[in-house]
Amino acid sequence: MRYFASELANDLRRLKVADHLSDADLDMTCDLVVRSVAFSLTDILGISPDDDYQEEQVRQRTARFLQLIFVGAANWKSQS
């Protein structure tokens with residue numbers, strides 16, 4: 001998971017979409033993203049393959065998790 005978080009952080013640095021975040025805060029944000037998706041995958045694996053409703057519920061909840069993380073990160077004030 002650290003690899004994916006590191007890759008995401010590097011991509012966001014290259015795109016300059018989180019210049020207001022310190023390296024440590026960006027790394028933590030990316031770690032939260034990767035962990036949220038990974039835990040959502042465990043939820044999806046527990047759903048019956050034909051249970052479209054539950055699968056959609058997990059997808060919507062995961063999207064909300066990620067929205068909350070990125071909205072929070074966009075408004076975060078890193079300490080100097």
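Student: At what angle do the axes of α2 and helix α3 cross?

Tutor: Please note at the outset that this is a predicted model. As to the general idea, two packed helices are described by the angle between their axes and the distance between the axes. In this structure, the axes of α2 and helix α3 (residues 52–74) cross at roughly 170 degrees and come within 10 Å. An angle over 145 degrees counts as roughly antiparallel, and α2 and α3 are therefore roughly antiparallel to each other.

Student: Which residues of α2 and α3 make the contact?

Tutor: On the side of α2, the contact is made by T29, L32, V33, S36, V37, S40, D43 and I44. On the side of α3, V58, R61, T62, F65, L66, I69, F70 and A73 take part.

Student: Let us take A73 as an example. Does A73 count as buried or exposed?

Tutor: A residue under 20% relative accessible area counts as buried. A73, which is placed in helix α3, has 9% relative accessibility and therefore counts as buried. Leaving aside neighbours within four places in sequence, A73 is in contact with H20, L21 and T29. A73 and D52 are 21 residues apart in sequence, and their C-alpha atoms are 31 Å apart in space.

Student: Which residues form a nonpolar patch on the surface?

Tutor: The nonpolar patch is formed by V37, L41 and I44, which together have about 210 Å² of accessible area. One of these residues, L41, is found in helix α2 (residues 23–45). L41 counts as partly exposed because its relative accessibility is 47%. V37 and I44 are also among the α2 residues that make the contact with α3.

Student: How should I read the backbone angle phi, and what is the phi of K16?

Tutor: Most residues other than glycine have a negative phi. K16 is not a glycine, yet it has a positive phi of about 55 degrees. K16 lies in the loop between α1 (2–15) and α2. With a relative accessible area of 58%, K16 is exposed.

Student: Finally, where is S78 found, and which residues is S78 in contact with, leaving aside its neighbours within four places in sequence?

Tutor: S78 is found in the segment after α3. Apart from those sequence neighbours, S78 is in contact with H20, L21, S22 and D25. H20 and L21 are also among the contacts of A73. S78 and F39 are 39 residues apart in sequence and 27 Å apart in space, C-alpha to C-alpha.

Key: Residues numbered from 1 in each chain as written. Predicted model: local features only at pLDDT ≥ 70, side-chain atom pairs only at ≥ 80, totals over all residues. Heavy atoms only, no water. Patch = residues over 30% accessible without salt bridge, like charges linked within 9 Å, V, L, I, M, F, W, Y side chains within 5 Å. Areas by Shrake-Rupley, 256 points an atom, 1.4 Å probe, with all protein chains shown as cover. Salt bridge = Lys/Arg side-chain N within 4 Å of Asp/Glu carboxyl O. Helix = DSSP H or I, 4+ residues; strand = E, 2+ residues; numbered from the N terminus. Buried < 20%, exposed > 50% of the residue type's maximum accessible area, 1.4 Å probe, protein only. Axes fitted to C-alpha atoms, helices over the stretch in contact; angles between N-to-C directions. Parallel < 35°, antiparallel > 145°, perpendicular 65-115°, else oblique. Contact = heavy atoms within 4.5 Å.
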